Every structure is written in C-alpha cells, then in structure tokens.
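Reader: I have the sequence and the model open side by side. Can you walk me through a few spots?

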Amino acid sequence: MRALVQVRDLAVAYRQTRVLEGVSLEVRAGEILAVVGETGSGKTTLAMAIARLLPPEATVRGQVEINGYDLYALPAHAMRSLRGRLIGLVPQDAMAALNPVLPVGAQVAEVFRAHLGVSAPAAWARAVEALAWVQIPRPERVASLYPHQLSGGMRQRAILAMALALHPPLLIADEPTTALDRITQSEILALVRRLQAETGMSVLWITHDMEVVAALAHRVAVLYAGRLVEVGPCRKILEASAHPYTEALVRTYRDLLAGAWGEPLYAIEGYPPPAGHMLPGCPFHPRCPYAQPVCRERFPDPLWRGEHMVACYFPRGDWG
Amino acid sequence: MARFIGARAFQGLVTLLGLVVLAFLVQFVIPGDPVRMLAPRTPTEEVAQRIRAQLGLDRPWWEQLGRYLTRIAQGDLGESYVRRQPVARLILGRLPATAALALAGVLAEILLGFPVGVAMALSPHLRRWLSGLNLVLLSLPTFVIGLSLLLAMGFWLRLLPTTGGTGLRELILPALTLGLAGTPWYAGVIRDRLEESLGSSYIRMAVAKGLPNRWILVRHCFPHVLPAVVTMAGMDFSAYLSGVVVVETIFGWPGIGSLAVQAMQTLDRPVVMGTVLVGGAAVILLNGVVDMLRMFLDPRAREGIG
Amino acid sequence: MSGLELPILHFEHVTRRYDRFIALEDVSFVVRKGKILGLVGESGSGKTTCIRLALGLERPSAGRIRFMGRPYSYRSKEMKAIRRRIGFIFQDPYDALDPHLTLEEIIGEPLRAHGLWNVTARERIRGLLDRVGLPDASLRSYPTRYSGGGLQRIAIARALALEPELLLCDEPTSNLDVSMQAQIINLLMELQRERGLAMVFVTHDLPLIRRIADDLVVLYAGRVMECGPAREIAARPRHPYTIVLLSAMEAKIPHRSAWDEANPPVSPACPFAPRCWKAQPQCWKERPPRIPVRPDWEVACFFPEE
C-alpha cells in the first residue's frame, strides 16, 4: 500500500524539553492508524506536528511528507491552502473547538467559502449537506444552532463535518471520543469507520484507550515517553505484542475485562518519566521487568519483521 | 425579554432613588451655608432667616427630602438658587454639548485603542514600542494631555480653534484628549482578550480548516473581544455624560461637568442634585443598554433570559 | 443485604431539583459497613450530585439521607461531625490539591480543621505517606513535583487522615493514565480491606467496578435503572442500559439512534427509552415499575432481560 504520510526521524522540542525523538512512521492510504500512548508520551505533539500546527516556540527536526508535499518546506500561504484540503483535524474537546458565538452551519460553510470561493448561500447549502453526511438529523435546522445548543455527540459530528468538508485524504483525530458517553462513543466510532470506508481516506487516531484501538484501528503505533516503541497491524499488537510496554498495556486492558472479582488488577509498576525528560537508553527500562544493563545505555535500533516493528533489545513472544 | 427589561428598570429606579437620597443627605454634612453664598454681603440674621424660609431650608432634613422627592416625582428638578432658572432647563441646555463630547470621546478611545490593542496582540515586535507608548499615556494626567494638544494643534500648528465653543471643529481636541487618555485601557483589554482568543482551541480549529488569517481575526477573534469593548465604552460613555470637568475647563466646552463644579462651589443645591440625578440616570440606563448589547453579542447569554 | 447491621450511609427516596432541572429523582441505596458500593453512570446521570448530597454540601429537595442511622440535620455542628467520618477523593487531583501548600499542610489540613493536630500528627502524616506508596516523599515538598498518579496518592492520604468510616471516591482514576489507574485502584482496595472501610465508588467504568464492588447502583439521567449485588448484575445484567455499559465496544453496542439535536430527550416515563433498542410505546408513556429480580436486586424496566 502507498504511504500517504511519511514521517522521517521527527524530533520536537520546546526549548530544552524534548517531547518527541526519532519518530519515523508512515500512514498508508486508506488505513486507520491508531497512535497509542499515555499523558506525556508525545502523542498529541505527534498529531500536531503532522498537521504542522505546533505553537511557534516548538522546534521541529526531521521531515513530514504528505502526498508528496514536504510540509515543513512549504511557505505559509501554500500550507494554508492545504489545510482542510489535505488534512482534516478533529481536536480533543469538541466544545472548545467550536466558536461559541457562531452557528455551527456558518463554521462549516466558511470552509467552502474560504477554499472554493463560493457564495455564502451556496456555502450554506453545502454545509447542510456536510452535516447530513455525518448523520446529523434535520441538518438544515441544526446548521443554525449554536454549539452550546448541541449535545456532545452532535458537536463531535459537526466537527467531523468541518474537518471532512473538502474530503481531505487524511483525517487526524486527537482523542475525540474521550469525553463522550459510551453509546455516543460507539456511534462516533461506527460513523468514522463508515466514512473511512466510503471515502477511502486515511485516519490517524490518537488515543490512550486500548478498547478504542481494538474497535477501530487497522494498524497501531505505540509511543512511550516521546519514543516510538512498536508499530504493527492491530491484531499483532493486541495478540502478539513484542515490546514489554505494549505487552503490559494490552495485559492491563485484557485483565480488566477478564479478571475475577476481588482479584487485584494487573498494574504496570512505577511511573512514566515526566514529560520531556529523555532518559538515555530505552525510556521504559526503569519499569521494565526484562531490563538489562544495555537498555540503560542506548535506545535500541528498530527491529523489523514484515509489517511489525519493535524498538527493544529483548522483544517478547516469538521474536527472541 | 420584556420581563428582563422590566426587572432591570425596577432595579434601576430603586438604585436611583438610593443615590438621590444619599446625595441629598451628604449636602447636610458638607460645611457651609447656601444662604451666605446667595446674599451679596453678610446678611443680617433676619434677612438670612427670610431667605431660608423662602427656600424651605428652615425645615428639618426629612421634610426637605420628602418635598424634594415629591417634586422630582412630578418631573420638577427645582430652581437654581444662584441663577434663578429651572434646573431642568439649565441641564438640558448643557446636555447636547455633553452628549456630543461623551460620544466623540468614546469613539476616539475605541478608534485609537482598537488598532493599538490588535497590533500588540499580533506583533511581538510592535508590542514593545506600543506598551512604552501606553505607559507614557497612562502616566500623563488628562490635563497635561489636553494642554499639550491645545498647544501643539491650536497655538503652534494653528490647525484647530482654541477659543472654545460647541462646533464640530471645537469638538476635535477635547475628544482626542479623552481618546488618548483612554487608549491604554482599551488597548490593554483588547490585547488580553485577543490573546486569550488566539490561544483557544477554536482558533486552532479555524487554522486547521485553512481559513485566511484576516478571516480568523475578524470572524473568530473579534466577537470574543467585542463584549469587553462594549462594556468599557458603556461605562465611559455614562461617566462622561455626568461631565468631564478637566477637559471641559481646558477647552472651554460648556458641558454638565463645569455646571456641576460651579454649583458645588456656590452650594447651589438644586443644581448639584440635578446633575447627580441626570448623571446617575445616565449610568444606570447605559448599564442596562450594555448588558442587552452583550446578550445580543453572545448567544449563550441570550438564551438565559429568552 | 443483611438487614441486621446498621448501614453507614442510607439514601431514602432522594430527589434533587435545580429550578426545573431534575438531577436526581427518587434515588435510594444503602452503603454497608466495610462494603463497596459502585455508583455507575455517565455524565449527567447525577452521580456527582449524589456525592455532594452525601457530603452535605447540598440538601435533597425531597427524601432523606442518614449517616449511621441518623438523618442529616444540616446544622453546621452536626454536619462537621459527620464529615469528620467521611473521607473523599475527587476526580481531578490537579484541581483538588492546592499547589501552594506542602504535603504536610495538605494532609494535615483535615486534622487542623477538626482540632486534632498534636505532637504525633507529623508522625501520622509520615505513616500515611508510607502507606499510600510515597515513602520517600518529603513533608516539605509541594504537590507540583508529582504527576497524576502521585497526586492521587497524596489525595488518598489526606482522605484517610481522620480515619473515616466511609470513603467517597468520585471517579478517582478517570483522569489518570491506564498504567496509573490499576495502581491506584489496587491501593484503594488494599486500604479498604485493611481498614474495613465502607466506600462509595463513583465511575462510568462498569467493567472496572465489576471487579471491586459489592453492591451496584446504575444511574441514568438521575434515576436508578438497576441496583443490587454487583457480581450478579455484572454476570447477568437485566436492564438494557446496564448491558450497554458492559458490552465491549468492538462488538457493536446495540442501540437505536432516535436522539434530537438540541436536547437529548428525557421522556417523562423511562429516560432511557429514546436510546433503547427494546423500547415499546409503553416505555415512552409510563414510568417503568421497579421489578424485583431477587429481594436485593431491582430493575426499573418493563422488559428486562430474562
């Protein structure tokens, strides 16, 4: 499969604080790639770096190529015309991402007006279509409502309509369902799966929730403390994870569902390093049960087996 | 909506009543005898008593207050002790000039403060220069700003009149003085609100949608700034309506402010009370107008009273 | 439930209204001594209102709450005595701990507030920090040094400082990372067992509560959908909503999307009817009865699973 997004050796730092280091990753055409990590793992930074939306004080090294465009080599005006057309973004908090003083229809319509130069009434008509497309009932009425008049799920759909208005080949979603209740969450996931299948777009889905990963992703990339530690097909990650961190993460998730009443939960001991604190060697070694002296010295080179990559000296399962 | 307006109107009337009573009572505490100010020379006790009786000043304070309230309820603001004219006519005569200056002053503040605030929020480079300028303006007393303008524009460049009057050309300098004095406040508030808005999630979303910068600024940021500007402008406007003494004096602008000061110096109680009443009413009314404007600007607030 | 022992906390037909909005309606449950009650619901279900009511921060609009058999009087002295016996842990540890206070001040605060600070207090705080897994923490350090998991440990130490009989936990792990969640839950379980604490554990995570709770109350839109023994309910849920909460997201959750955009409808009858795949016309019109599955297990549904 063709790679739509090609990230090469990406590093992001805020002054002295290194948030991402040596991340190389591709998002293929027509796939849903989940990026899994906990707070401070750099997963949001990765998403924003791929959208070139990091704040100006961030320093970025490495390369992000989308559909042949070298993103960080583009002049600002060219980048602007690609936003929305090439990359659609769904941020974490749908309420905060909608302007409270504009009707949602206007916020969708302005995408058409700015990019296609269509008239206001024509843009409005297309906005209503876009809202209908993301399964908002009675879209012509919803279009004239303000964000606070919508339920959480409706807001998230309106954001999706905005992000996908111009049918970009890439959708970047940053934990968009975390704040939603379970039914709405599953509805949004089903909708995204449907839209993805319909349009053949690629989706980069940021999450900390293995359950969402299992329900949505084709492939999974695991971030730990700013480093990419494992990438592979979703089945492989869930059933034959190679990195000790991934293994522990999957086990936490499985154990919660399968364990018996009264049994202690399976827990990964220790704490993740504070954000931006890059340890020499593998960042997981202080918490890793299999760590050896070598793990403390240098970050391991990636090992590949077909589709499956792991950055570990002592990978689990049948790797050894 | 009607219920909201009704409630606010009632609340405003109660406030106004409180204000009038308070102002009325304060006059009894201020030392000085209006009668002595009125009589040409030191009057004999007999004459003074007669004048007192004529003005009703010989009655106890609660009776005076009761009479005053009854009269203003009938729309009668009384007669000036000094000028022997109805207070209402005196104030009404000054009102157009005052309103013109207040409006022009507020407009000048906004027109000067807005670009400065926007420039400070958008350009870190300009910010340093502009905050220096703001600091200078903040530290200058209004009369210094006014006198400097008068000197520069009126006497040296001879662009504008210096003699006072109520024409449009005469309005420019006092309005500009108010504008310059208000610029740092407006610029500061506009900068803060704009920066807050620029850092928000919906602005990042607007950027991610590929909207042009100017579009984002005008359509997404300004609505966030506007309510604060409206609030400040409303407060200033109502304050200016009750008179801007210093500016009126410097530029010979015949407004309510100078009327009030003269009245206080001559212990002309009906006029003092009249200016307090008109000023208070202006503040209360404009406050209500500002609140309604803000509601109009923010759909979330609109709903609460709809 | 063993009827002989006095329950620690008892909600009797508690309703809480805010103007027209009903946050809780006719909610009854008991928290047994040394047992964990799981209070499960999603945002807007009224679970946080339950906590506020239990702490006496709000009063029920109808119904009654008892602590150790005595109804809440809401007299400040008695409420203080009750609060002394209730510890609580909130969802957001970043918000719940004042960053300007040292660990000693934070954990010692309840002791000082109840006049129990004495020579052994510092030793006690030390012991608490050891117990919650922060043996190296300096009493003089500030919470800013800790991340979410560490902060929640500090919050637990504070909650236990007065050796309460009841611990209220409002989603104590939902702001934490997966790898921290299990650590904190395990710690809470150990403490609960070794101290014989009664506990109310509020969460939206039914798979989690299934592992730890003795009793279960499932709330939706302020009403109890199902309540009874946690293990049995988790093994065989009867209410459609409980089934939704327990089903994995991979297997598509059964639902019917009949929501309205502006207001997700809460029908006067069953609030879950608009989203329920089993809903019949009856569910929209009448309030479902509380059907006893067993003497200690009730489900509010016309068509519960068999």
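Author: Let's start with B:V246, which sits in helix α11 (residues 245–251) of chain B. Keep in mind that this is a predicted model.

Reader: Is B:V246 buried or exposed?

Author: B:V246 counts as buried, because it has 20 C-beta neighbours inside 10 Å, and the cut-off for buried is 20 or more.

Reader: What does B:V246 touch, leaving out residues up to four places away in sequence?

Author: B:T142, B:F143 and B:G146.

Reader: Staying in chain B, how do α8(B) and α10(B) cross?

Author: Helix α8, residues 168–198 of chain B, has an axis that comes within 9 Å of the axis of α10(B), and the two cross at roughly 155 degrees. Angles over 145 degrees count as roughly antiparallel, so α8(B) and α10(B) are roughly antiparallel to each other. The crossing of α8(B) past α10(B) is right-handed.

Reader: Which residues meet there?

Author: From α8(B), the residues are B:L178, B:G182, B:W185, B:Y186, B:V189, B:I190, B:R193, B:L194, B:S197 and B:L198. From α10(B), they are B:C221, B:H224, B:V225, B:A228, B:V229, B:M232, B:D236 and B:Y240. That contact divides into 13 nonpolar, 3 polar and 2 charged residues.

Reader: On to the chains. Which pair shares the most contacts?

Author: Chains A and C, out of 2 pairs of chains in contact. On that interface, 38 residues of chain A are in contact with 32 residues of chain C.

Reader: Which elements of chain A give two or more residues to that side?

Author: The elements are α8 (182–199), α9 (210–216) and α11 (244–258) of chain A. The largest share comes from α8(A), with 7 residues. By type, the side of chain A that touches chain C has 24 nonpolar, 8 polar and 6 charged residues.

Reader: How many residues are in the contact of chain B with chain A?

Author: Chain B puts in 17 residues and chain A puts in 24. On the side of chain B, the elements with two or more residues are α9 (201–208), α10 (213–241) and α14 (299–305). Of these, α9(B) gives the most, 6 residues. The side of chain B that touches chain A is made up of 9 nonpolar, 4 polar and 4 charged residues.

Reader: And how far apart are the nearest C-alpha atoms of chain B and chain C?

Author: They are 13 Å apart, and chain B and chain C do not touch.

Reader: Tell me about chain C by itself. How many helices and strands?

Author: Chain C has 11 helices and 12 strands. Its radius of gyration is 20 Å, close to the 19 Å that the globule rule gives for 306 residues, so chain C is as compact as a globular protein of that length. The C-alpha trace of chain C spans about 65 × 45 × 40 Å along its principal axes.

Reader: What share of chain C counts as buried?

Author: 46% of its 306 residues. As for contacts in chain C with a separation of 6 or more, 64% are between residues 24 or more positions apart.

Reader: Where is C:A213?

Author: C:A213 lies in the loop between α8 (206–212) and β9 (215–220) of chain C. C:A213 is buried, with 26 other C-beta atoms within 10 Å. C:P229 is 16 residues away from C:A213 along the chain, with 8.4 Å between their C-alpha atoms.

Reader: Backbone question. What is the phi of C:Y74?

Author: C:Y74 is not a glycine, yet its phi is positive, at about 65 degrees. C:Y74 is in the loop between β5 (70–71) and α2 (76–84) of chain C, and it counts as exposed, with 11 C-beta neighbours inside 10 Å.

Reader: And the phi of A:A225?

Author: A:A225 has a positive phi too, about 45 degrees, and is not a glycine either. A:A225 is in the loop between β9 (219–224) and β10 (227–233) of chain A. With 26 C-beta neighbours inside 10 Å, A:A225 counts as buried.

Conventions: Residues numbered from 1 in each chain as written. Chains lettered and ligands numbered in written order. Predicted model: local features only at pLDDT ≥ 70, side-chain atom pairs only at ≥ 80, totals over all residues. Helix = DSSP H or I, 4+ residues; strand = E, 2+ residues; numbered from the N terminus. Rg over C-alpha atoms; globule rule 2.2 N^0.38 Å. Buried ≥ 20, exposed ≤ 12 C-beta atoms within 10 Å, placed from the backbone. Contact = placed C-beta atoms within 7 Å. Nonpolar A, V, L, I, M, F, W, Y, C, P; charged D, E, K, R; others polar. Axes fitted to C-alpha atoms, helices over the stretch in contact; angles between N-to-C directions. Parallel < 35°, antiparallel > 145°, perpendicular 65-115°, else oblique. Left-handed = near helix turned anticlockwise from the far one by under 90°.
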